[in-house]
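Keep the viewer open while reading.

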Amino acid sequence: VELAWAGAFYLAVAGLARTLHQIRQAGVMGGQAEAETAPIPLGEGQYSVIHDPTTGLITSTGMVRGIRRTVQMRYVSF
């Protein structure tokens, strides 16, 4: 159970990292980052992300073997 908990947490963090990368790329390329992702499989689990560019809030959820962990991050664009 502890490995699944840790795995779900790190998948959620991977979702944050991917979204931050998309935001940076969108800024460079003049596009927009995805607002919401369908579950993305990675390793033994999956993650999904909701990005609200109006508030700068990213909510990422990882899931491994039925264990779900969610992390949030707020950013300020300039």
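Buried means under 20% relative accessible area, exposed means over 50%, and partly exposed lies in between (1.4 Å probe, protein chains only). The model is predicted: local features need pLDDT of at least 70, side-chain atom pairs count only at pLDDT 80 or more, and totals for chains, interfaces and linings use all residues. Numbering starts from 1 along each chain as its sequence is written, and side-chain values use heavy atoms, with hydrogens and water left out.

**Ring pairs**

Rings of Phe, Tyr and Trp (its six-membered ring) pair if their centres lie within 6.5 Å; planes under 30 degrees apart are stacked, over 60 edge-to-face, and the rest tilted. The structure holds 2 aromatic pairs.

| Pair | Centre distance | Plane angle | Class |
|---|---|---|---|
| Trp5 and Phe9 | 6.1 Å | 5° | stacked |
| Phe9 and Tyr10 | 5.2 Å | 70° | edge-to-face |

Together, ring pairs link Trp5, Phe9 and Tyr10 into a cluster. Trp5 and Phe9 are 4 residues apart in helix 1, so about one helical turn separates them. Trp5 is partly exposed, at 40% relative accessible area. Phe9 is partly exposed too, at 29%. Tyr10 is exposed, at 57%.

**The sheet**

Helices (H or I, at least four residues) and strands (E, at least two) are DSSP runs, numbered from the N terminus. Two strands pair if DSSP finds at least two bridges between them. Here 4 strands form an open sheet in the order 1-2-3-4, with antiparallel pairing. Strand 1 (40-42) and strand 4 (67-74) are the edges; each has a single partner strand, so one side of each lacks a neighbour in the sheet. From one strand to the next, the twist averages 25° (axes are lines fitted to C-alpha atoms, and angles run from 0 to 180 degrees between N-to-C directions). Strand 3 (residues 57-64) is joined to strand 4 by 8 bridges. Thr61 has Thr70 in strand 4 as its bridge partner.

**The core**

A nonpolar core is a set of buried Ala, Val, Leu, Ile, Met, Phe, Trp, Tyr and Cys residues joined through side-chain atoms within 4.5 Å. The largest one has 12 residues, including Leu11, Tyr47, Ile58, Val64 and Val71. Helix 1 (2-29), strand 2 (45-52) and strand 3 each give two or more residues to this core. Helix 1 gives the most, with 6 residues.

What does Val64 touch, leaving aside its neighbours within four places in sequence? Val64 is in contact with Ala4, Gly7, Ala8, Leu11, Glu44 and Gly45, where contact means heavy atoms within 4.5 Å.
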